[in-house]
Amino acid sequence: IASMDAGGKVVLARHNEVSQVDIKKVEGADSIADGERLPLAAKELDVCEIYPQRLEHNSNGRFAVVTGDGEYIIYTALAWRKKSFGNALDFVWSVDSSEYAVREAPLTIKLFKNFKETRVFRPPFQADAIYGGVLLGVRSGEVTFFFDWAECRLIRRIDVTPIDVKWNDSGELVCISCEDSFFLLRYQRDLVTAAFDAGDGGGEEGIDGAFSLEHEIDEQISTFVWVGDCLVYTTKSGRLNYCIGGEVVTLHHLDKPLYIVGYI
């Protein structure tokens, strides 16, 4: 597993061993062809005390989290010093680099800011998974609920079962990848703000019109990343594609499984 910050530094976990490579320090980078394997020297960082199952940088790249064995450990990303830790079935970062949430138990989600607990959120249903980004996503069975981070107010209920949820940098677009397809939604932030200002919480379904469906694409995707308003992704059938404005273009046919770590 791996995660890359915006500057091209990749943290890798192989079994319990954590190392770092710097993509910008590739020798002869100008002469490397697309799709060529990069000769990268790895720098060992740590032998992790938990078995890493997931590794992810926060939004500004200063911290990275390792989750596994029902626990999480947050490290400073460059020096790899332990900053915080705790119990977690799931861990997600907010778009705010200082904020994160942990699913501690099926009925308990804890929110943190600057490594201090700010709220214990007990949803009125069993939480099977959580998703980070602009909003806090909580899946229960085949339904996903989106809440605001500040007060855990319900923004919208959507009848999907995500494998992953990722927002673009502007916070306007979100990709929800599911088993057989993925959805590109536009978040109507001004509409949501106006509804809350008017005292209209929207009830059990949330705020009507909080999301508008931009595109639904029947494709099984394995990894993906936003580049502005463009979604770049790998498919389970072995293609590297991008999607912008609903149009899908194949960049490359992959001769072996490859996984997107990030974009520079």
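A salt bridge here is a side-chain nitrogen of Lys or Arg within 4 Å of a carboxyl oxygen of Asp or Glu. With that rule, a search of the whole structure turns up 15 salt bridges. The model is predicted, so local features need pLDDT of at least 70 and side-chain atom pairs count only at pLDDT 80 or more, while totals for chains, interfaces and linings use all residues. Residues are numbered from 1 along each chain as its sequence is written, and side-chain values use heavy atoms, with hydrogens and water left out.

## Salt bridges

Side chains of opposite charge can pair when their charged atoms come close.

| Pair | N to O distance |
|---|---|
| K9 and D22 | 3.6 Å |
| K113 and D96 | 2.5 Å |
| D159 and R157 | 3.0 Å |

K9 and D22 form a salt bridge. Because K9 lies in strand β2 and D22 in strand β3, this pair ties together parts that are 13 residues apart in sequence. Strands (E, at least two residues) and helices (H or I, at least four) are DSSP runs, numbered from the N terminus. How open are these side chains to the surroundings? For accessibility, buried means under 20% relative accessible area, exposed over 50%, and partly exposed in between (1.4 Å probe, protein chains only). K9 is partly exposed at 27% relative accessibility, whereas D22 is buried, with a relative accessible area of 16%.

K113 and D96 also meet in a salt bridge. K113 sits in strand β11 (residues 108-113) and D96 in the loop between β9 (90-93) and β10 (99-105), so the pair ties together parts that are 17 residues apart in sequence. K113 is partly exposed at 33%, and D96 counts as partly exposed at 27%.

In the pair of D159 and R157, D159 is exposed, with a relative accessible area of 57%, while R157 is partly exposed at 27%.

Two strands count as paired if DSSP finds at least two bridges between them. Strand β1 (residues 2-4) and strand β2 (residues 9-14) pair in the antiparallel sense over three bridges, and M4 has V10 in β2 as its bridge partner. The hairpin of β1 and β2 has four residues between the strands, and G8 takes a positive phi near 95° there.

β2 then pairs with β3, again antiparallel, over six bridges. R14 has E17 in β3 as its bridge partner. This second hairpin has two residues between its strands, and H15 in the turn has a positive phi of about 55°.

Which residues line the second largest pocket? They are K9, Q20, V21, D22, K25, V26, E27, P39, L40, A41 and K43. K9 and D22, the salt-bridge partners described above, are both in this lining. Strand β3 (residues 17-22) gives the most to the lining, with three residues.

The pocket has a volume of about 220 Å³. A pocket, on a 1 Å grid over the protein atoms alone, is an open set of points where a 1.4 Å probe fits, with protein on both sides within 12 Å along at least five of seven lines; lining residues have an atom within 4 Å of a point. The volume is the space filled by probe spheres set on the points.

An open sheet of four strands runs in the order β13-β14-β15-β16, with antiparallel pairing. β13 (129-131) and β16 (154-158) stand at the edges with a single partner strand each, so one side of each is left without a neighbour in the sheet. β13 and strand β14 (residues 136-140) pair over three bridges, and I130 has V138 as its bridge partner.

Another open sheet has four strands in the order β17-β18-β19-β20, also antiparallel. Here β17 (164-167) and β20 (211-217) are the edge strands, each with a single partner, so one side of each lacks a neighbour in the sheet. β17 and strand β18 (residues 173-177) pair over four bridges, with V165 opposite I176.
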